[in-house]
Amino acid sequence: MGYSLLEILWRGYTHWTMGVTGGLCLSTLYRVSGAVKDWGTGARCALGSAIITAYELAAGWLVNLKLGWDVWDYSRLPFHFRGQICLLYSVIWFLLSMPIFGLCYLLKEHHS
């Protein structure tokens, strides 16, 4: 839900597939957060960015390239790959990984 809300705030709309993708991202980050708790912030954020970017590429490959739904297209941005991922958003995911990992740690403490 948070991923969809961020997208609505950023570009004014979202697509249901972004809610699914965001849920998969959060679930994965939650699962790996315990294993990387002792890592430095930069390393955790780099991992978070890589995970989110990989999900974005997989979702883009399916919904945009294979199904032709045209949910997003980064072709106009520099350093993009087939319009599905780009450096700008990977940097944004890097920055957002810090509070996301913080949320994961809070949730883990609450459920311990």
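E7 and R11 sit four residues apart in helix α1, about one turn of the helix. Helices here are DSSP runs of H or I with at least four residues, strands are runs of E with at least two, and both are numbered from the N terminus. The side chains of these two residues meet in a salt bridge, at 3.2 Å from N to O. The term salt bridge stands for a side-chain nitrogen of Lys or Arg within 4 Å of a carboxyl oxygen of Asp or Glu. By this rule the count comes to one salt bridge. As background, side chains of opposite charge can pair when their charged atoms come close, and an α-helix has 3.6 residues a turn, so residues three or four places apart point the same way.

Before going further, a word on the model: it is predicted, so local features need pLDDT of at least 70 and side-chain atom pairs count only at pLDDT 80 or more, while totals for chains, interfaces and linings use all residues. Residues are numbered from 1 along each chain as its sequence is written, and side-chain values use heavy atoms, with hydrogens and water left out.

The cut-offs are under 20% relative accessible area for buried, over 50% for exposed, and in between for partly exposed (1.4 Å probe, protein chains only).

Helix α1 covers residues 2-11, and its buried residues are Y3, S4 and E7. They lie on the same side of α1, because they cover an arc of only 95° around the axis; the arc is that of the directions from the helix axis to the C-beta atoms. These buried residues pack against α2, α3 and α4, where contact means heavy atoms within 4.5 Å. After α1 comes G12, whose phi is positive, near 95°.

**The nonpolar core**

Which residues touch the most other members of the largest nonpolar core? They are L29, W72, Y89 and W93, out of 19 residues in that core. Such a core is a set of buried Ala, Val, Leu, Ile, Met, Phe, Trp, Tyr and Cys residues joined through side-chain atoms within 4.5 Å. Helices α2 (16-33), α3 (41-66) and α4 (87-110) each supply at least two residues of this core, and α4 gives the most, with six residues. Leaving out residues up to four places away in sequence, Y89 touches W10, E56, Y74 and L77.

T17 lies in helix α2 and is buried, with a relative accessible area of 6%. Its side chain makes a polar contact with the side chain of H15 at 2.8 Å. A polar contact is a pair of N or O atoms within 3.5 Å; within protein, one must be able to donate a hydrogen and the other to accept it, and residues adjacent in sequence count only if both atoms are side-chain atoms. Apart from its neighbours within four places in sequence, T17 is in contact with V63, W69 and V71.

S49 belongs to helix α3 and counts as buried at 9% relative accessibility. The S49 side chain reaches the backbone oxygen of S90 at 2.7 Å. Not counting residues up to four places away in sequence, S49 touches S90, W93, F94 and S97.

**The loop between α3 and β1**

V71, one of the contacts of T17, is found in the loop between α3 and β1 (80-81). What does V71 touch, leaving aside its neighbours within four places in sequence? The residues are R11, H15, T17, M18, V63 and N64. V71 is buried, with a relative accessible area of 6%. The C-alpha atoms of V71 and Q84, 13 residues apart along the chain, are separated by 9.8 Å.

Two residues of this loop, D70 and F79, have a positive phi although neither is a glycine.

| Residue | Phi | Relative accessible area |
|---|---|---|
| D70 | about 50° | 62%, exposed |
| F79 | about 55° | 67%, exposed |

**Cysteines**

How many disulfides does a search of the whole structure find? The search finds zero, a disulfide being a pair of cysteine sulfur atoms within 2.5 Å. For C45, the nearest cysteine sulfur is that of C104, 12 Å away. The sulfur of C104 is 11 Å from the closest cysteine sulfur, in C25, which is too far for a bond. C45 is buried, with a relative accessible area of 2%, and C104 is buried at 0%.
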